[in-house]
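Please look over the sequence and the fold below before reading on.

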Amino acid sequence: MAQVAPLVVLVGPPAAGKTRLGKRVSKLLGVDFVDTDAVIASRYGPIPALFHAEGEASFREKERAAVIEALTTHGVVALGGGAVINPDTRADLRSKRVALISISADAVAPRLDSSKRPLLAGGLESWVSLVEARTPWYDEVASATFDTSSTPLDTVAQNIVEWITSEAA
């Protein structure tokens, strides 16, 4: 039996638009969409509360389990911004089609809500530091990069679909 794998996995920094893009791409392709942060929140409650109650290490364990599960589905998968921290996740992504969703600091600033993103309590400065630390991991797993800084999400979604369908041909 052939192994089931996602058509594309979206990775990138917090607030880059992975979830909104993933929903659009999955709709265009007529496939399911899985957001690992949404899976975690549905099972364990809001992520900020989980961070507060159990700490980041516990969250990362739950995240890894959600990633393993999501990577066995067929469709579009969006990983939480920090999922690439885990070396096993990065190893799993080497055999997948991975779209890095990037965004500039100027474009992300209005989207940042530290109440929903526990690692961004310091606002834009925290985001910039976090992205700088994770960029080598994002680059390591990315098959292609799509920037959401100034391009409308519907256009970026169409570009991702065109990339997927041209690669599959």
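**Salt bridges and cores**

A search of the whole structure finds 8 salt bridges, a salt bridge being a side-chain nitrogen of Lys or Arg within 4 Å of a carboxyl oxygen of Asp or Glu. The model is a predicted one, in which local features need pLDDT of at least 70 and side-chain atom pairs count only at pLDDT 80 or more, whereas totals for chains, interfaces and linings use all residues. Residues are numbered from 1 along each chain as its sequence is written, and side-chain values use heavy atoms, with hydrogens and water left out.

One of these bridges joins the side chains of glutamate 54 and lysine 62, with an N to O distance of 2.9 Å. Glutamate 54 counts as partly exposed because its relative accessibility is 43%, whereas lysine 62 counts as buried because its value is 17%; buried means under 20% relative accessible area, exposed over 50%, and partly exposed in between, with a 1.4 Å probe and protein chains only.

Glutamate 63 and arginine 60 also meet through their side chains, at 2.8 Å from N to O. Both residues lie in helix H3 (residues 47-70), 3 residues apart, which is about one turn of the helix; helices (H or I, at least four residues) and strands (E, at least two) are DSSP runs, numbered from the N terminus. Both glutamate 63 and arginine 60 are buried.

A further salt bridge pairs glutamate 140 with arginine 90, at 3.3 Å from N to O. This pair links distant parts of the chain, since glutamate 140 belongs to helix H6 and arginine 90 to helix H4 (residues 87-93), 50 residues apart. Glutamate 140 is partly exposed, with a relative accessible area of 37%, while arginine 90 is buried at 11%. Salt bridges that share partners join Glu56, Arg60 and Glu63 into one network.

The nonpolar interior comes next. A nonpolar core is a set of buried Ala, Val, Leu, Ile, Met, Phe, Trp, Tyr and Cys residues joined through side-chain atoms within 4.5 Å. The largest has 24 residues, of which Leu10, Leu21, Ile101, Phe146, Ile160 and Trp163 touch the most other members. Among the elements that each supply at least two residues of this core are strand S1 (8-11), helix H1 (18-29), strand S4 (98-102) and helix H7 (153-168), and H7 gives the most, with 7 residues.

Leucine 10 has contacts (heavy atoms within 4.5 Å) that include Leu21, Val76, Ile101 and Ile160, not counting residues up to four places away in sequence. A second, separate core of 22 residues includes Ala70, Ala83, Leu93 and Val141.
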